[in-house]
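Some terms used for protein structures rest on set cut-offs.

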Amino acid sequence: MFRQVIFRAARSAYVARNSTPTLCNRSPLSTSARLSSKKEETDEEFDSRYVAFFNHPDIDGWQIRRGLTDLHAHDLVPDPVILIAVLKACRRVNDIALAIRCLEATRVKCGRFEKTIWPYVVQEITPTLKELGIPLPAELGYDKPELALRDVFDM
């Protein structure tokens, strides 16, 4: 493999040294159109893709974690429909810790809009949480740091 890399580098250096520059007749618009051949995915297609992934009957804990990693890598807060599919998948593999961690990560993903987005998400997934018997992180006390010191100005 290293030999191929050296060979390609030497060949490209030889071609660059022995060739004359020519002007290209292509317009920049046609080049960019060719480079962006990937089709844009709509929000509904994105949601249905992840719901189908998490609704797979043979999913295991590792695949759920992989799907959550991919989902949280996007710059968005997951739709409640996706979160419901994740919670049901976590229940199928009997991993309540993963379900609670997913809820914590979603709350953190809300960022500075947590006061507006997180209550909506909780409102939408509450029936599923009750059905599956999964508590919210706030009900377990995970919304407050465990070893936090009191503020010096409150003493």
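The questions below concern a predicted model.

Q: What is the pattern of the protein chain along the sequence?
A: The pattern reads α-α-α-α-α-α-α, and the chain holds seven helices and zero strands.

Q: Why is helix 5 called roughly parallel to helix 7?
A: The axes of helix 5 (residues 80-92) and helix 7 (residues 114-132) cross at roughly 25°. Angles under 35 degrees count as roughly parallel, so helix 5 is roughly parallel to helix 7. Their axes come within 10 Å, and the crossing is right-handed.

Q: Which residues of helix 5 and helix 7 meet?
A: From helix 5 come P80, L83, I84, L87, K88 and R91. They meet Y120, V121, E124, I125, T128, L129 and L132 of helix 7. By class, this contact has nine nonpolar, one polar and three charged residues.

Q: What does I125 touch, not counting residues up to four places away in sequence?
A: I125 touches P80, L83, I84, L87 and L103. Contact means heavy atoms within 4.5 Å, so each of these residues has a heavy atom within 4.5 Å of one in I125.

Q: What makes up the largest nonpolar core?
A: This core has 30 residues, and those with the most contacts inside it include L87, L103 and I125. Helix 3 (43-54), helix 4 (61-73), helix 5, helix 6 (96-109) and helix 7 each supply at least two of its residues. Helix 5 gives the largest share, eight residues.

Q: How many of the 155 residues in the protein chain are buried, as a percentage?
A: Buried residues make up 25%.

Key
Residues numbered from 1 in each chain as written. Predicted model: local features only at pLDDT ≥ 70, side-chain atom pairs only at ≥ 80, totals over all residues. Heavy atoms only, no water. Axes fitted to C-alpha atoms, helices over the stretch in contact; angles between N-to-C directions. Helix = DSSP H or I, 4+ residues; strand = E, 2+ residues; numbered from the N terminus. Parallel < 35°, antiparallel > 145°, perpendicular 65-115°, else oblique. Left-handed = near helix turned anticlockwise from the far one by under 90°. Nonpolar A, V, L, I, M, F, W, Y, C, P; charged D, E, K, R; others polar. Core = buried A, V, L, I, M, F, W, Y, C linked by side-chain atoms within 4.5 Å. Buried < 20%, exposed > 50% of the residue type's maximum accessible area, 1.4 Å probe, protein only.
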